[in-house]
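Here is my note on the model you sent. Please read it with the structure open beside you.

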Amino acid sequence: MIKTKPTGPIPSGYQALDGELAIGGRKASELVAENGSPLFVYSSGRLDARMRQLRAAMPDALDLHYAMKANPFQPLLRHMVDLADGIDIASGGEMRMALAAGAAPEHISFAGPGKRDEELEQAIAAGVTINIESPSECERALKIGAVLDRKPRLAIRVNPDFDLKGSGMKMGGGAKPFGMDIDLVAPTVKRILDAGADWRGFHIFAGSQALSADAIIETQAQTLELAGRLATMIGQAPDHVNLGGGFGIPYFPGDEQLDIAKVGKALGKQLEHLPDILSSTRFAIELGRYLVGEAGVYLTRIVDRKESQGQTFLVTDGGLHHQLAASGNFGTVVRRNYPAAIANRFEEEPSETVSIVGCLCTPLDRLSDNAAMPKAGVGDIVAIFCAGAYGATASPATFLGQGPARELLVD
Ligand SMILES: *Cc1c(COP(=O)(O)O)cnc(C)c1O
């Protein structure tokens with residue numbers, strides 16, 4: 001007997017139409033027939049609903065930014081530009097995509113270590129806020145501003161002296177390539193002010209993919225405390241503080257939804273009891289996967305069904321070249337199964353244990369390991385959920401000459 005391994009929880013709200021998984025009111029088999037396989041499908045209705053729920057839970061005064069590295073697909077990005085209060089970018093390429101999607105430069109902020117001179121130049125020329133990651137980057141930005149005769153909009157990315165507990169990816173608390181250590185912040189702000197540039201405030205990001213409301217609440221409190229401490233050291237209030245994000249989504253068996261009502265209530269209280277120096281500061285959070293992850297589904301057709309030494313393999317025409325994270329090769333220590341289903345048999349009960357693999361000639365290419373599924377064969381369609389973030393552009397699409405999957409935004 002093969003031991004069945006559990007799959008992650010399918011995000012709530014996905015329903016069947018004529019027995020098939022429906023996305024934006026469209027049946028999986030229709031979507032694949034019209035657009036081909038493999039296919040990423042993103043639902044704009046789900047994006048809207050997610051943002052509505054988040055706004056209802058968060059304090060009114062809080063700006064909600066979209067960190068577009070989670071998913072830069074142009075039609076989805078255009079949708080997110082309309083929904084979010086700002087777009088956070090991490091390269092000159094993302095800046096061009098955000099501007100093309102209609103984002104206003106004053107609502108774009110640019111973080112990331114290793115910004116090239118051309119990128120700084122383009123950002124300053126466009127009037128995009130740059131989150132400065134080091135004193136030497138600051139000097140380059142000031143010099144470029146002087147050459148262009150433009151006043152750069154500069155915020156300081158701070159390497160916090162704490163991290164987001166239980167987060168999937170730690171981005172603070174120790175030696176880091178991101179942001180600058182606390183003792184460098186005040187002298188760098190002074191340099192910005194003396195040079196006549198526009199000091200915008202702070203960007204403090206402590207981690208990603210946390211499902212614990214308490215951990216996020218604690219980090220937000222520490223972040224506000226740090227912002228107050230830095231403002232006091234500088235002797236001037238920041239216009240704007242980006243508190244980071246870190247809101248996770250459930251990917252794996254046993255994961256539970258983050259309690260955003262609890263986070264929002266606590267943050268509301270914290271914003272009511274700010275130190276005086278932050279009383280006129282605007283605050284934002286920046287979220288990627290929380291806004292878009294559950295709105296996306298990856299559909300891939302089964303091209304072969306085979307047995308090996310008593311185990312059944314469903315071989316698909318997709319794989320890790322589109323879904324590196326689901327294959328377990330994107331920052332996970334132990335491989336666990338993402339939520340998955342046979343899309344065109346969405347209402348059938350599981351009746352066998354199968355491994356769903358991709359078409360790449362490597363043992364790493366596994367989409368679901370010994371999962372319980374209804375019986376499926378050639379021509380059936382596998383759905384991998386939570387595919388709206390870090391899928392298409394965070395996977396090595398050209399590996400083995402495969403090429404990218406189609407992407408589609410539906411209702
Ligand atoms: C990657 C990143 C994000 C988005 O992270 P998610 O886990 O997708 O929410 C936000 N801010 C910064 C600085 C990042 O590097």
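1. Terms first. Two strands pair if DSSP finds at least two bridges between them. Helices (H or I, at least four residues) and strands (E, at least two) are DSSP runs, numbered from the N terminus. By that rule, β1 and strand β2 (residues 20-23) are joined by 3 bridges and run antiparallel. Within this pair, Q15 sits opposite A22 in β2.

2. Where the values come from. This is a predicted model, in which local features need pLDDT of at least 70 and side-chain atom pairs count only at pLDDT 80 or more, while totals for chains, interfaces and linings use all residues. Residues are numbered from 1 along each chain as its sequence is written, and side-chain values use heavy atoms, with hydrogens and water left out.

3. As background, strands of a sheet pair through backbone hydrogen bonds, either parallel or antiparallel.

4. The barrel. Here 8 strands close up in the order β5-β6-β7-β8-β9-β11-β13-β14, and the pairing is parallel. On average, neighbouring strands of this sheet are turned by 30 degrees against each other, direction ignored. Axes are lines fitted to C-alpha atoms, for helices over the stretch in contact, and angles run from 0 to 180 degrees between N-to-C directions.

5. A closer look at the barrel. Strand β11 (residues 198-204) pairs with strand β13 (residues 240-242) in the parallel sense, over 3 bridges. F202 stands opposite V241 in β13. Helix α7 (residues 182-194) lies across β9 (153-158) and β11, and runs at about 175 degrees to β9. Contact means heavy atoms within 4.5 Å.

6. Two domains. Domain 1 covers 15-42 + 294-410, and domain 2 covers 72-287. These bounds come from an automatic or database domain assignment. Taken over C-alpha atoms, the two centres are 34 Å apart.

7. Where the domains meet. How many residues are in contact on each side? Domain 1 brings 12 residues and domain 2 brings 10. Together the domains bury about 1,200 Å², with 69% of it on carbon and sulfur atoms. Buried area is the accessible area (1.4 Å probe) that two parts lose on being put together, summed over both. In domain 1, E294, R336 and L409 lose the most area to domain 2, together 39% of what that side buries. Strand β21 (residues 406-410) gives the largest share of the side of domain 1 that touches domain 2, with 3 residues.

8. Two backbone details. S37 and P38 are joined by a cis peptide bond, with omega about -5 degrees. P38 is in the loop between α1 (28-35) and β4 (39-43). Q209 is not a glycine, yet has a positive phi of about 50 degrees. Q209 lies in the loop between β12 (207-208) and α8 (213-234). Most residues other than glycine have a negative phi, and most peptide bonds are trans.
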